[in-house]
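Take a look at the chain below. The text then leads through its fold, its surface and the confidence of the model.

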Amino acid sequence: MASSGDDLVKYITEKVVVYMEDPRASRARRKAEKQPWAEKWFGMLPLGLSIWRSKWSDGGRK
């Protein structure tokens, strides 16, 4: 059991070191590449609903 605790500490330490050595620009770029959560979970449905709602709120004018 103590071995798994040591392994956990070692794993977390490695992750922290990798995170700290990674340049900020790289982290910011990776964060910017993420999809919005609604798109990730529901696909194109939120976009379709927002377009449909905007057409109804405009009264169909364009």
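Which pattern does the chain follow, read along the sequence? The pattern is α-α-α-α. The chain has 4 helices and 0 strands. Both are DSSP runs, numbered from the N terminus: helices are H or I with at least four residues, strands E with at least two.

This is a predicted model, where local features need pLDDT of at least 70, side-chain atom pairs count only at pLDDT 80 or more, and totals for chains, interfaces and linings use all residues. Residues are numbered from 1 along each chain as its sequence is written, and side-chain values use heavy atoms, leaving out hydrogens and water.

Confidence comes next. The chain averages a pLDDT of 80 (the predictor's confidence in each residue, from 0 to 100). A score of at least 70 is reached by 89% of the residues. Helix α1 (residues 2-21) has the highest mean among the elements, 88. Helix α2 (residues 24-32) has the lowest, 75.

Now the surface. The chain exposes about 6300 Å² (Shrake-Rupley method, 1.4 Å probe). Carbon and sulfur atoms supply 64% of that area.

L45 sits in helix α4. L45 counts as exposed because its relative accessibility is 52%, and exposed means over 50%.

Technical notes
Buried < 20%, exposed > 50% of the residue type's maximum accessible area, 1.4 Å probe, protein only.
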